[in-house]
Amino acid sequence: MELRVLQYFLAVARAESITAAARDLHLTQPTLSRQLGELEKELGKPLFSRGSRKITLTEEGRLLRKRAEEILRLVGRTEQEIGQSHIAGDIYIGTGETQGVRLLAKVAAQLQEDYPGVHFHLVSGDAQDVCEGLDRGLLDFGLLLGDIDKTKYPYLELPVKDTWGVLMPAHSPLAQKDWVSPEDLQDKPLILSRQSGNKSDLYRWLKKEPEALSTAATYNLIYNASLLVEEGMGYAFTLEGLVNTKGRNLNFRPLKPRLEMPMYFVWKKYGHFSKAGEIFLKYLEKSLEEPPAE
């Protein structure tokens, strides 16, 4: 499977027309059709459904489109990194919503001041998304919360922790308390992070199994979940500091007993860093060795 043919395939997928794609690629239509036919023959599956007005991707074609985009993006990054004689390039970091990003941002700002040619890309997602991106080489680093498999990824434990709490309507009686206990939530509709399905600590804190909870909704972006809370759908478990409640019909209260999550900065085992990625890791390690500012 040649990279050139993958580029042809993506052009047709985007244009939904062999004629239009051939024009954009400066190829004749028969030449492009032959290349696509040979690709389908090589893979042993039809990639397109050919209609009278446009062509669409089959299920196999949609899968190939996703993989082809990833392959060509990785090839482009590799060519860029090899061709650089100085420290520059792109660093991709996968992370969930957490105040821990602030620590990374300080290091990134310092590095970019020293090396303006380095650019950062934050990719938001839960732990599953981040790990998948690392494993497939689409991310250079990941920021993971809670328990991790320390045998799978090299890591740095960050000197900060996130604190769990509950986001609630400001008029709720629980908003009059300084903290929330498991007993306070026994009869309340809950809005849970999609990722919290893997967080046994939270269920142990609630003293209930997941199926015994009154789950009104799940989320992966807390801002959207905060709108559900404002509309009275339930009480959202989230991390402290992620939602600005000022001027909104919302309050955040921490849990009691306190429930915290450690943070780990991870990367792929046996992975090869670009020059930019390597120096970012060195900057981060150095920042963690420095004593905290008073």
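Me: What span should helix α5 have, and what distance separates its end C-alpha atoms?
Reply: Bear in mind that this is a predicted model. Helix α5 covers residues 101–114, and at 1.5 Å a residue its 14 residues should span 20 Å, which agrees with the 20 Å between its end C-alpha atoms.

Me: Which residues of α5 are buried, and which are exposed?
Reply: The general idea is that an α-helix has 3.6 residues a turn, so residues three or four places apart point the same way. In α5 the buried residues are Val101, Leu103, Leu104, Val107, Ala108 and Leu111. Because the buried residues of α5 fall within an arc of 150° when seen down the axis, they line one face of the helix. Arg102, Lys106 and Glu113, on the other side of α5, are exposed.

Me: What do the buried residues of α5 pack against?
Reply: They pack against the strands β3 (89–95), β4 (118–124), β5 (141–145), β6 and β11 (260–266), and also against α9.

Me: Where are the buried residues of α8, and what covers them?
Reply: Helix α8 runs over residues 222–230, and Ile222, Ala225, Ser226 and Val229 are buried there. These residues cover an arc of only 105° around the axis, which puts them on the same side of α8. What covers them includes β6 (155–169), β7 (190–193), β8 (215–219), β9 (235–239) and β10 (250–254). Just after α8, Gly232 takes a positive phi of about 85°.

Me: How should I read a pair of aromatic rings, and how many aromatic pairs are there?
Reply: A pair of aromatic rings is described by the distance of the centres and the angle of the planes. With ring centres required to lie within 6.5 Å, the count comes to ten aromatic pairs. In one of them, Phe9 and Phe48 have ring centres 5.5 Å apart and planes at 50°, so the pair is tilted. This pair links distant parts of the chain, since Phe9 is in helix α1 (residues 3–15) and Phe48 is in strand β1 (residues 48–50), 39 residues apart. Phe9 is buried, with a relative accessible area of 0%, and Phe48 is buried as well, with 6%.

Me: What are the distance and the angle for Tyr115 and Tyr283?
Reply: The ring centres of Tyr115 and Tyr283 are 6.5 Å apart and the planes are at 65°, so the pair is edge-to-face. Tyr115 lies in the loop between α5 and β4, whereas Tyr283 lies in helix α9, so the pair ties together parts that are 168 residues apart in sequence. Tyr115 counts as partly exposed at 26% relative accessibility, and Tyr283 counts as partly exposed at 21%. Elsewhere, ring pairs link Phe120, Phe141, Phe265, Trp267 and Phe280 into a cluster.

Me: Is Ser287 buried or exposed, or something in between?
Reply: Buried means under 20% relative accessible area and exposed means over 50%, so Ser287, at 25%, is partly exposed. Ser287 is placed in helix α9 (residues 275–289), and its side chain reaches the backbone oxygen of Leu284 at 2.7 Å. Ser287 and Lys106 are 181 residues apart in sequence, yet their C-alpha atoms are 9.3 Å apart in space.

Me: Is Ser181 buried or exposed?
Reply: Ser181, in the loop between β6 and β7, counts as buried at 9% relative accessibility. Leaving aside residues up to four places away in sequence, Ser181 touches Trp205 and Lys256.

Technical notes. Residues numbered from 1 in each chain as written. Predicted model: local features only at pLDDT ≥ 70, side-chain atom pairs only at ≥ 80, totals over all residues. Heavy atoms only, no water. Helix = DSSP H or I, 4+ residues; strand = E, 2+ residues; numbered from the N terminus. Buried < 20%, exposed > 50% of the residue type's maximum accessible area, 1.4 Å probe, protein only. Polar contact = N/O pair within 3.5 Å; in protein donor to acceptor, adjacent residues only side chain to side chain. Arc of directions from axis to C-beta. Contact = heavy atoms within 4.5 Å. Expected span 1.5 Å × (residues − 1). Phe/Tyr/Trp six-rings, centres within 6.5 Å; stacked < 30°, edge-to-face > 60°.
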